[in-house]
Amino acid sequence: MPGLLVAALLVASFVLVHLWLRRRPMPADYPLNVDEGLPLPELAQSSTVFSLTALFGAYLGIALVLGLFALIGLACGTVLGLFLVAYWIDSRYWLKSGGKGTFEGFLSEVLNGNETNVLVYSFVISIVQCAYAASELLILRELAKAALGLKYQQATLLAILVAIIGYFYVLRGGYLAVFRTDVIQLGLVTIMALASGAVLLRHFSVDWIGKLWSQPGFWELPILGASRWLAVYHFLVAMVMGLGFMLASPDTWKRVFQVLKRGKGPRLRALSLVGAGALPYLVLLPFAITISFRPNERVKPGFMASTSLSGNWIFTAAALGLISSFLSSFDSAMLAGAHVQLITYRRQRRVKSERLRFYWIMVAVLFVIWLLFESGIRFGNPWLLGNFLMGAYAAIAGIQVGTRGNLSRLPPYSMFVIIFVSMLFWLMYFGSKLEALKTPTIYSVNTVPMGVVVFLGAAFLSVIAIFLGGLKRVRRN
Amino acid sequence: MFGETNTIYEFLKGKDPDQRARIIAYFLAPAFILGVSIYGLFGFSINFEKPVALSELKMEINEKGEYASKRGVVLIAEPTACEFVLPLETASKIWSSVDEQTARENVKLNHLGLDAGAVFGNTPLLGEKGPVAIVVDGNLGSEIHVANSREPVDDWRLISRQSSSVLSAAFAACLLMFGMTFALGMAPVESDENHTS
């Protein structure tokens, strides 16, 4: 029964994509230049954030050991990130285009400035998106082992099969496939979350007061110690993390662009962004308050599986939700990485039809994701790649903030220097913790505050680079 | 292998750039990844299930509800070709779903039995068309010997049918999509400058 439903979901979604494409085919020459017919971008955004990132990744870890203040910080950071992206699109492009621009126009505007800077920036964004997709694959594989009870080889094969299915969706339908299947997937993820949440609440007693506060040994303040400032510190660190993830994700830019393009009033738009940002955390709450474990233990992804997946329907809901949740974020990351590369190539050489280029880029993206996935399997900790990516997201977000979203302000070659210094710092820090991070423990969330340092450092370096570039220009004149 | 690669190369050489890109994107690239992954994980076998599934027995409960430790192993042997030796400490007897006549013939031909603290089997068992259940007392080790190689016992443990059905379903859906996307993707697309929405 669960297998039949999984097959029905995957095939029916694909057939639906095909039917939608018959009514509104992908543009023949510019396959990703699609802004019409993409429904409910807010829900798609919620679905992506809630996917494996929130439910089985760092956000759940933070919620579990750092309590309510950090969770509120994450939610506020996500909402703030969405508003900043909306402001960025509005001020940099939307107003200039007279409300008639396209997302490709906006991306071209973002990837503007010195040739080397743009190449470095687009390469880093694309590779981060591919690595994000690969880390989702690694987490899916781990969960398939723990929650669905598959063996190592079977779980690996399941991850690859679902990745290829996701690739077919994107290759065949581009944004239309991603946005429309997101709506179906969000429905299934919600059913999974509600079913699992209800089972958890029924089977576990909740220590409401205890869950408000953080456990000792996480995000400790060096000088002030466990004072009331600790809660503020946790809130701020989590806020920067949530914010950074939004600022550095091109798929978030696309969804916020769609919200702006829809042209509803500012109040409704603000409400949409708040709803899209806060919804994943509201759904996460039942998990965060019911699951408890000792921090020193190795993370067991199936910790909620034993009780909640015993029923056939709950198992089916979990299997469908897991695969849907994965497809939602995997496809978004894959498409975002490909789109950024497509625009970068366009800057270098414009051709009449980009269809051929789209195919080659998609093949390259698929291979990069696969190679990263195969490399990631060799490590014992499936969350390691995602943990490492935190630094890369922080560096990109820092550059966005430091340049105020205008890369052309940076002097030539400075992008390379900023990214090199930021990532070298992060690599050195990460390398020093690698032994401890090789096994999956909840202590890996302790790397987040250093991610905030990378974010602030990249922002500061960008400001300095702009200042020095300006000084050089003045001297030359 | 080289011959196949050469055939594919020759086939692609005759196509125009657009067709070549489509064939690679819609078929060859995902097929290569799937093929290499399956080969790396399962070898040349297309069967994702192991021919023998193990489940460890740890305790027994009597009618009074009292329980006591009792170690053993259940093996479910599929009717597919497989030779295995499973080392077990203190193994002394086998309890099986085959009848006495079938058991006698299989033991005589060394298709099933106990030898030096290990249970060995050569499936399919003679006279049995379906899966066979075998129960052996003793402590399970960490490895199983199959076709001259040693594999971790964990990879041979029994998994639930609903779990394996998810994998089979995903595999079937993926194969179906290979066909659908290839057929749809190879359909001609006419360049239309005004179509950019």
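**View 1. G72(B) and its bridge partner in β7(B).** G72(B) has D137(B) as its bridge partner in β7(B). The model shown here, as in every view, is predicted. The two strands, β2(B) and β7(B), pair in the antiparallel sense over 6 bridges. G72(B) is also the bridge partner, in β2(B), of L57(B).

**View 2. The β1(B)–β2(B) hairpin.** Strand β2 of chain B covers residues 67–77 and pairs with β1(B) over 9 bridges. The sense of this pairing is antiparallel. Together β1(B) and β2(B) make a hairpin, with 5 residues between the strands. In the turn sits G65(B), which has a positive phi of about 90 degrees.

**View 3. The β4(B)–β7(B) pairing.** Strand β7 of chain B covers residues 132–137. β7(B) pairs with β4(B) in the antiparallel sense over 3 bridges. Look for W95(B): V135(B) of β7(B) is its bridge partner.

**View 4. The open sheet of chain B.** Four strands, in the order β1-β2-β7-β4, form an open sheet with antiparallel pairing. Which strands lie at the edges? They are β1 (52–61) and β4 (94–96) of chain B, and each of them pairs on one side only. On average, and with direction ignored, neighbouring strands are turned by 25 degrees against each other. Strands of a sheet pair through backbone hydrogen bonds, in either a parallel or an antiparallel way.

**View 5. The two domains of chain B.** Domain 1 of chain B spans residues 1–48, and domain 2 spans 52–156. How far apart do the C-alpha centres of the two domains lie? The separation between these centres is 40 Å.

View 6. Chain A has 16 helices and 0 strands. Among its 477 residues, 57% count as buried. Of the contacts in chain A between residues at least 6 apart in sequence, 88% join residues at least 24 apart. Where the chains meet, 49 residues of chain A are in contact with 45 residues of chain B. On the chain A side, α1 (2–23), α6 (152–203), α12 (312–348) and α13 (355–377) each supply at least two residues. The largest share, 15 residues, comes from α6(A). By type, the side of chain A that touches chain B has 34 nonpolar, 9 polar and 6 charged residues.

**View 7. Helices α3(A) and α4(A) crossing.** Helix α3 of chain A runs over residues 58–94, and helix α4 of chain A over residues 103–110. Their axes come within 10 Å and cross at roughly 85 degrees. The two helices are therefore roughly perpendicular to each other, since angles of 65 to 115 degrees count as such. α3(A) makes the contact with I89(A), R92(A) and Y93(A). α4(A) makes it with G105(A), F106(A) and E109(A). These residues divide into 3 nonpolar, 1 polar and 2 charged.

View 8. Y93(A) lies in helix α3 of chain A. Is Y93(A) buried or exposed? Y93(A) is buried, because 21 other C-beta atoms lie within 10 Å, and 20 or more are needed. Neighbours within four places in sequence aside, the contacts of Y93(A) are G101(A), G105(A), F106(A) and E109(A). Y93(A) and E109(A) are 16 residues apart along the chain, with their C-alpha atoms separated by 7.3 Å.

Technical notes: Residues numbered from 1 in each chain as written. Chains lettered and ligands numbered in written order. Predicted model: local features only at pLDDT ≥ 70, side-chain atom pairs only at ≥ 80, totals over all residues. Domains from an automatic or database assignment. Contact = placed C-beta atoms within 7 Å. Nonpolar A, V, L, I, M, F, W, Y, C, P; charged D, E, K, R; others polar. Axes fitted to C-alpha atoms, helices over the stretch in contact; angles between N-to-C directions. Parallel < 35°, antiparallel > 145°, perpendicular 65-115°, else oblique. Buried ≥ 20, exposed ≤ 12 C-beta atoms within 10 Å, placed from the backbone. Pairing = 2+ DSSP bridges.
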